[in-house]
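Please keep the sequence and the model in view while reading.

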Amino acid sequence: MRRSFIFAGLAAASLVASVANSDAQQQRMVRVGVLECRGGASVGFIVGSVTNLGCVLRAEGVPEDRYVATIRKVGLDIGITQETTLAWGVFAPVDRLGPGDLSGNYAGAQGSASVGVGLGGNVLVGGSNNSIALQPLSVQGQVGLNVAAGLESLELRPGR
């Protein structure tokens with residue numbers, strides 16, 4: 001059963017990644033860096049959850065840009081995770097972003113499963129005029145007991 005949940009979560013995330021990737025290819029997108037986020041414990045309440053994370057945008061040739069993230073999930077989300085780590089490739093219509101330029105709201109689909117150590121993935125599009133994509137597929141590592149699939153929103157705010 002555990003394998004079924006992992007397979008279902010990764011299959012859903014892969015499908016969404018391919019759809020989002022085709023949308024992003026309609027406009028010229030450049031990879032500008034990697035957004036890494038880390039957070040503490042999270043509890044899923046069947047119909048959703050809220051997780052707060054600290055994030056850092058790492059881009060070549062520019063200082064690290066820090067953010068505070070709030071992730072809201074709607075859909076199946078059952079369980080408890082002790083810690084979460086996510087990393088996205090950041091794609092934008094420009095080759096350089098300034099401090100705070102990733103701030104905004106992002107949305108997409110999400111799937112994950114863990115029994116002990118687990119994996120998940122999500123694809124998000126948003127930011128300024130929905131022009132920034134966190135793609136093609138974030139890699140999520142988590143420790144705990146959890147199954148989640150559904151829609152996800154990410155709010156990024158400038159951090160310290």
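The protein contains 1 helix and 5 strands. Followed from the N terminus, these elements come in the order α-β-β-β-β-β. It should be kept in mind that this is a predicted model. Of the 160 residues in the protein, 42% are buried.

The interior may be considered next. In soluble globular proteins, nonpolar side chains tend to be buried together. Here the largest nonpolar core has 21 residues, and those that touch the most other members are Leu35, Val90, Leu102, Leu154 and Leu156. Which strands each supply at least two residues of this core? They are strand 1 (30-39), strand 2 (42-58), strand 3 (65-92), strand 4 (104-126) and strand 5 (132-158). Strand 3 gives the most, with 7 residues.

With its neighbours within four places in sequence set aside, Leu35 is in contact with Cys55, Val56, Leu57, Tyr67, Leu86, Ala87, Trp88, Val90, Leu102, Leu134 and Leu156. Two of these partners, Val90 and Leu156, are also among the residues that touch the most other core members.

Strand 3 also holds Leu76. Is Leu76 buried or partly exposed? Its relative accessible area is 37%, so Leu76 counts as partly exposed. Leu76 and Leu151 are 75 residues apart along the chain, yet 9.3 Å separates their C-alpha atoms.

Charged residues form another part of the picture. Side chains of opposite charge can pair when their charged atoms come close. In this model the count comes to 5 salt bridges. One of them joins Arg58 to Glu36, with 2.4 Å between the closest N and O atoms. Arg58 belongs to strand 2 and Glu36 to strand 1, and this pair links distant parts of the chain, 22 residues apart. Both partners are partly exposed: Arg58 has a relative accessible area of 37%, and Glu36 has one of 29%.

A further salt bridge is formed by Glu64 and Arg66, whose closest N and O atoms are 3.3 Å apart. Glu64 is partly exposed, at 43% relative accessibility, and Arg66 is likewise partly exposed, at 37%. Which residues are linked in a network of salt bridges? The network consists of Glu36, Arg58, Glu64 and Arg66.

Arg72 and Glu155 provide another example, for their side chains meet in a salt bridge with an N to O distance of 3.8 Å. Because Arg72 lies in strand 3 and Glu155 in strand 5, this pair ties together parts that are 83 residues apart in sequence. Arg72 is partly exposed at 38% relative accessibility, and Glu155 is partly exposed at 24%.

Finally, the empty space may be examined. Rolling a probe the size of a water molecule over the atoms shows where empty space is left. The largest pocket has a volume of about 180 Å³. Its lining is made up of 13 residues, and those nearest its centre are Leu57, Ala59, Val62, Pro63 and Leu97. How many residues of the lining are nonpolar, polar and charged? The lining divides into 7 nonpolar residues, 1 polar residue and 5 charged residues. Leu57, which lies near the centre of this pocket's lining as one of the nearest residues, is also one of the contact partners of Leu35.

Methods
Residues are numbered from 1 along each chain as its sequence is written. This is a predicted model: local features need pLDDT of at least 70, side-chain atom pairs count only at pLDDT 80 or more; totals for chains, interfaces and linings use all residues. Side-chain values use heavy atoms; hydrogens and water are left out. On a 1 Å grid over the protein atoms alone, a cavity is a set of points where a 1.4 Å probe fits but cannot get out, and a pocket is an open set with protein on both sides within 12 Å along at least five of seven lines; lining residues have an atom within 4 Å of a point. Grid points are joined across faces, edges and corners, and a volume is the space filled by probe spheres set on the points. Ala, Val, Leu, Ile, Met, Phe, Trp, Tyr, Cys and Pro count as nonpolar, Asp, Glu, Lys and Arg as charged, and the others, Gly among them, as polar. A nonpolar core is a set of buried Ala, Val, Leu, Ile, Met, Phe, Trp, Tyr and Cys residues joined through side-chain atoms within 4.5 Å. Buried means under 20% relative accessible area, exposed over 50%, partly exposed in between (1.4 Å probe, protein chains only). Helices (H or I, at least four residues) and strands (E, at least two) are DSSP runs, numbered from the N terminus. Contact means heavy atoms within 4.5 Å. A salt bridge is a side-chain nitrogen of Lys or Arg within 4 Å of a carboxyl oxygen of Asp or Glu.
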